[in-house]
Amino acid sequence: MKINLTYVNIFVGALVFAVLAFLFNIIRNNNPQQETWLFKKTHEIILANEHLNHNLLRYQFGNTNNFNDISANSEQLKRFKNDLMQDEFAVKQLHDAKLNSLFDALELKLNEKEQQVNEFYLANTTLKKAIDFTRRQINALPKTTQTLKQLEQELNYASTNYITSNNSNLQSLTAELKESVTQFPSSQQFFVEQVATQTEAIIEKNASIFKMLNEITQETRNSFTQEFEDALHNFFEERQKITFYIQSFLFLASIVSSAWAVYLLLKLSKKESALTTAESNIKNLQYAFDQHAIISFSDAAGNFTHVNE
């Protein structure tokens with residue numbers, strides 16, 4: 001069976017074009033801007049997390065009682081997380097199962113931290129309200145003692161200055177107050193006991209909030225994003241290697257293709273030269289016939305259809 005070389009050439013050309021299109025698409029997907037953007041966003045998450053931890057510690061030790069900075073840091077973390085999820089350069093656009101899994105874990109950590117900050121805010125607000133209510137109760141008592149005055153001052157200090165796991169001053173003052181309940185008029189004893197009970201609850205809430213703060217701020221860079229960063233770096237490093245190999249292959253293919261094109265042009269030139277020579281020989285032969293003989297062609301009816309010159 002004779003194979004039509006034209007169809008073979010068309011098929012080979014289409015196959016080569018498809019392979020080249022696939023390789024060029026891989027190179028196009030290796031966008032340096034995407035790599036830069038992803039690492040930038042990851043570092044922004046690290047910085048926002050460090051700022052959040054710093055402001056939480058400042059709040060804990062009474063360097064500030066303004067929760068706005070903490071809220072702003074928490075919103076930053078949320079915004080950066082959403083960027084990594086929804087932007088045109090988002091992690092999902094890389095179509096890598098390991099990176100997607102690690103990012104899901106990072107997203108879970110960010111969501112947990114956001115929830116922890118909200119819970120801290122609610123618990124701290126509740127604590128402040130409890131302290132204010134207890135101080136008002138102390139100030140409303142007709143009879144006061146040195147213990148009550150010190151307790152009121154310590155509650156005020158706890159409300160505006162720091163959060164601790166073990167407020168020994170409050171504990172000792174509360175114990176003294178409970179022992180001295182009988183020194184108050186019977187009409188006030190219930191309220192004094194209530195103050196002592198509420199102060200003990202404040203101490204427990206204070207300790208609970210202190211523990212909550214430690215849990216929120218324990219996530220460092222290494223435990224927070226390091227694994228994701230390492231995987232991201234390895235992914236782009238591997239893709240750069242693949243891109244280099246493809247570019248090298250395409251460069252070699254272009255050299256081979258150029259050499260093949262030159263070979264075909266030389267071959268075509270030789271054939272064209274041979275064809276010109278053959279055409280010239282035919283013309284010379286026809287001229288010789290025309291000079292030495294009369295050659296004619298006729299149809300079946302005897303009519304001449306061609307006569308040489």
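Colleague: Which way does helix 4 pass helix 7, left-handed or right-handed?

Modeller: Helix 4 passes helix 7 in a left-handed crossing. Keep in mind that this is a predicted model.

Colleague: Noted! What angle do helix 4 and helix 7 pack at, and how far apart are their axes?

Modeller: The angle is about 160°, and the axes of helix 4 and helix 7 are 10 Å apart. That makes helix 4 roughly antiparallel to helix 7.

Colleague: And what sort of residues make up the contact of helix 4 with helix 7, by class?

Modeller: The contact of helix 4 with helix 7 has 14 nonpolar residues, along with nine polar and four charged ones.

Colleague: Let's pick out one of the residues on helix 4. Where does Gln137 sit, and is Gln137 buried or exposed?

Modeller: Gln137 is in helix 4, which covers residues 97-140. Gln137 has a relative accessible area of 15%, and because the cut-off for buried is under 20%, Gln137 counts as buried.

Colleague: What does Gln137 touch, once residues up to four places away in sequence are set aside?

Modeller: Gln137 then touches Gln194, Val195 and Gln198. With Gln194 there is also a polar contact, side chain to side chain, at 3.1 Å.

Colleague: Nice. Over to helix 7: where does Ile216 lie, and is Ile216 buried or exposed?

Modeller: Ile216 lies in helix 7, residues 186-217. Ile216 counts as buried, at 0% relative accessibility.

Colleague: Which residues does Ile216 touch, not counting residues up to four places away in sequence?

Modeller: Ile216 touches Asn53, Leu56, Lys113, Gln116, Val117 and Phe120.

Colleague: How far is Ile216 from Glu114, in sequence and in space?

Modeller: Ile216 and Glu114 are 102 residues apart in sequence, while their C-alpha atoms are 9.2 Å apart in space.

Colleague: Which backbone oxygen does the side chain of Thr42 reach?

Modeller: The side chain of Thr42 reaches the backbone oxygen of Leu38, at 2.8 Å. Leaving aside neighbours within four places in sequence, Thr42 is in contact with Thr225, Phe228, Glu229 and Leu232.

Colleague: Then how do helix 2 and helix 3 pack?

Modeller: Helix 2 (residues 32-60) packs with helix 3 (residues 68-86) at an angle of about 160°, and their axes are 9 Å apart. That makes helix 2 roughly antiparallel to helix 3. Helix 2 passes helix 3 in a left-handed crossing, and the residues of their contact divide into 11 nonpolar, six polar and six charged.

Colleague: One on helix 3, please. Is Asn68 buried or exposed?

Modeller: Asn68, which is found in helix 3, is exposed, with a relative accessible area of 54%. The C-alpha atoms of Asn68 and Asn55 are separated by 9.8 Å, and the two residues are 13 apart along the chain.

Colleague: Stepping back, how many helices and strands are there in the protein chain?

Modeller: The protein chain has nine helices and two strands. From the N terminus on, the order is α-α-α-α-α-α-α-α-α-β-β.

Colleague: And what share of the 309 residues is buried?

Modeller: Buried residues make up 32% of the 309 residues in the protein chain.

Colleague: Last one: among contacts between residues at least 6 apart in sequence, what share joins residues at least 24 apart?

Modeller: For the protein chain, that share is 72%.

Terms used:
Residues numbered from 1 in each chain as written. Predicted model: local features only at pLDDT ≥ 70, side-chain atom pairs only at ≥ 80, totals over all residues. Heavy atoms only, no water. Axes fitted to C-alpha atoms, helices over the stretch in contact; angles between N-to-C directions. Helix = DSSP H or I, 4+ residues; strand = E, 2+ residues; numbered from the N terminus. Parallel < 35°, antiparallel > 145°, perpendicular 65-115°, else oblique. Left-handed = near helix turned anticlockwise from the far one by under 90°. Nonpolar A, V, L, I, M, F, W, Y, C, P; charged D, E, K, R; others polar. Buried < 20%, exposed > 50% of the residue type's maximum accessible area, 1.4 Å probe, protein only. Polar contact = N/O pair within 3.5 Å; in protein donor to acceptor, adjacent residues only side chain to side chain. Contact = heavy atoms within 4.5 Å.
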